[in-house]
Structure formats: C-alpha cells, structure tokens
Amino acid sequence: MDNIVIAIAKGRIEKDIYKRLKILNMEECIETDSRKLIFKDEENKITYIHVKPSDVVTYVEKGVADLGIVGKDTILENENDNEVYELLDLGFGKCKFSVAGVKGKNNYAKEETLKVATKYPTIAKNYFKSRGQKIQIIKLNGSVELAPIVGLSDVIVDLVETGNTLKANGLEIVEDMCNISSRIIANRVSYKFNKNKIEEIVNKFASTLDEKNY
Ligand SMILES: Nc1ncnc2c1ncn2[C@@H]1O[C@H](COP(=O)(O)OP(=O)(O)OP(=O)(O)O)[C@@H](O)[C@H]1O
Ligand SMILES: O=P(O)(O)OC[C@H]1O[C@H](OP(=O)(O)OP(=O)(O)O)[C@H](O)[C@@H]1O
C-alpha cells in the first residue's frame, strides 16, 4: 500500500504538531530545521509534506494529501470550495474569530453597510449574512488592525489569541464569532479507501489529547 500523505501546516502550530509526532514516535524522518518540504517515514508508511497553512485544505481536498493538520480558520475560509472531512479537534492552536473596531466608535445601525477589513472574506461574508447585516469587504493580507484606525474600514474580522494586538492599537472586541483550534482533516475518497490506516493515525493523535507533558 502507498504511504499515507499528511500535509502539515508550517508556522505557528508546527511545534505543537511535532510534539505530538514525537509522542507517537512518528517523527524519525522529519528534520525540523530543514527547508525540505517532503519527508518519508518508511517504517510507518507515512509521507509528510510541509505546506503553508492556507494551502493545506487544497492539498487534502485535491487528494494529494490524505490527511491534513491545520487551523479551523483555514477550513472555514475554504468551506465553500473545498469539501473535506474534519476528524479530530487537536486542542492546540487555540484562538477565536472576533469582530473588532476602534474603542468607543462601534455603534453601527443594522441598516448601515458596514465596511469590514479582513484576511478571511469568506468567513466574514458568511457570518454577517447569517446576521442579516450588509457589509462591504476590504480584503487585506495582514496587520488588519490598522484598517479601522486609518478609516479604511469600520471594523475588522480577525483572529484574537491574547488580545494584545487589539489593545496595543486601541481596538476593542465588538463581538466574538467562534472558537478556533487545530484539526485533523481528511480527503473524503481517501477516508473511504484507507479508513483503517487513517483511523489508526487519528486514534494515535487522539491518545495524546490528555497528555499533560507538553
Ligand atoms: N494569534 C494568532 N494569529 C494567527 N493564527 C493563530 C493565532 N493563534 C493561533 N493561530 C492558529 O495558527 C495557525 C497558523 O498561523 P500562522 O500565523 O502560522 O499562519 P498564517 O497566518 O496563515 O501565516 P501568514 O501569517 O504567513 O499568512 C492559524 O491558522 C490559526 O489556526
Ligand atoms: O490576540 P493576539 O495574541 O494579539 O493575536 C492576534 C494577532 O495574531 C495574528 O497576527 P499575525 O501577525 O500572526 O498574522 P498577520 O500577519 O495575519 O497579522 C492576528 O492576525 C492578530 O493580529
């Protein structure tokens, strides 16, 4: 049988993923300080590919990867285009989506069209549509907190972890939208054809959920 391919999100959650891979003795092949993007663990018959977080869902949905480890934010941002199975909440990478704006300037009438700056247009559109609020999206790629300060938008939709970035820029949370954490996702066809191997891997990750040693 071919190796199971697991797409790992590079960046912020990578270290948390490696801690679990160590616990599962699945890390022999991964050189954490390397620029390499693909690692083969022949013993466990698993291939790991290192992918930008916002691309993991694409690799899984297209079937290049059987499994992916990635933040729920990227799953939600891709949900209109990419159908994948979400198999497990890994309990790390915790943050939340919130609507935020400049402190003391957030009394908007429902009838107004709200200008919303965000890195996550799909999430913002779905959220405000569900609340019957007309919006105009201003798509940005980062440092989104700047937008309401300089008048580019009324509010932002962004990830909040400690709240320090909002506080440092004189912004306040208008409303919380949903909690976020890292998840294991699966390609739907792979899950049907490699169910036993996939469930074996997912169950191993599930066994680390109550590990206190990291
Ligand atoms: N404060 C936070 N900001 C952004 N992501 C966070 C935060 N806290 C936890 N996360 C989780 O970490 C994941 C990876 O975040 P990271 O910043 O590495 O990726 P990214 O934002 O897509 O990268 P880039 O900033 O290069 O576009 C996110 O998808 C999210 O699930
Ligand atoms: O609540 P906090 O702990 O301050 O974290 C929230 C910040 O973290 C992210 O920024 P990051 O620099 O990771 O990504 P970006 O390039 O999308 O701004 C996010 O966009 C917020 O700005």
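Guide: Let us begin with polar contacts: a polar contact is a pair of N or O atoms within 3.5 Å. In this predicted model, local features need pLDDT of at least 70, side-chain atom pairs count only at pLDDT 80 or more, and totals for chains, interfaces and linings use all residues. Side-chain values use heavy atoms, without hydrogens and water, residues are numbered from 1 along each chain as its sequence is written, and chains are lettered from A and ligands numbered from 1 in the order in which they are written.

Visitor: How far is an oxygen atom of ligand 1 from an N or O atom in the side chain of Asp-73?

Guide: That distance is 2.5 Å.

Visitor: Which residues come nearest to ligand 1?

Guide: A residue is near a molecule if one of its heavy atoms lies within 4 Å of it. Ligand 1 has 14 residues around it, with Arg-12, Lys-52, Asp-73, Lys-119 and Glu-161 coming nearest. By class, this shell holds five nonpolar, three polar and six charged residues. Here Ala, Val, Leu, Ile, Met, Phe, Trp, Tyr, Cys and Pro count as nonpolar, Asp, Glu, Lys and Arg as charged, and the others, Gly among them, as polar.

Visitor: Which polar contacts does ligand 2 make with Gly-163 and Ser-143?

Guide: A polar backbone atom of Gly-163 is 2.8 Å from an oxygen atom of ligand 2, and a backbone N or O atom of Ser-143 lies 3.4 Å from a ligand oxygen. Lys-119 places a polar side-chain atom 3.0 Å from an oxygen atom of ligand 2. Taken alone, ligand 2 exposes 490 Å², and the protein buries 71% of that.

Visitor: Which element gives the largest share of the shell around ligand 2?

Guide: Helices (H or I, at least four residues) and strands (E, at least two) are DSSP runs, numbered from the N terminus. Strand S9 gives the largest share, three residues; S9 (155-160) and helix H6 (164-168) each supply at least two. Of the 13 residues around ligand 2, those coming nearest are Arg-12, Glu-145, Glu-161, Thr-162 and Thr-165. The shell has two nonpolar, six polar and five charged residues.

Definitions and conventions: A polar contact is a pair of N or O atoms within 3.5 Å; within protein, one must be able to donate a hydrogen and the other to accept it, and residues adjacent in sequence count only if both atoms are side-chain atoms. Accessible areas come from the Shrake-Rupley method with a 1.4 Å probe; for residues, only the protein chains shown count as cover.
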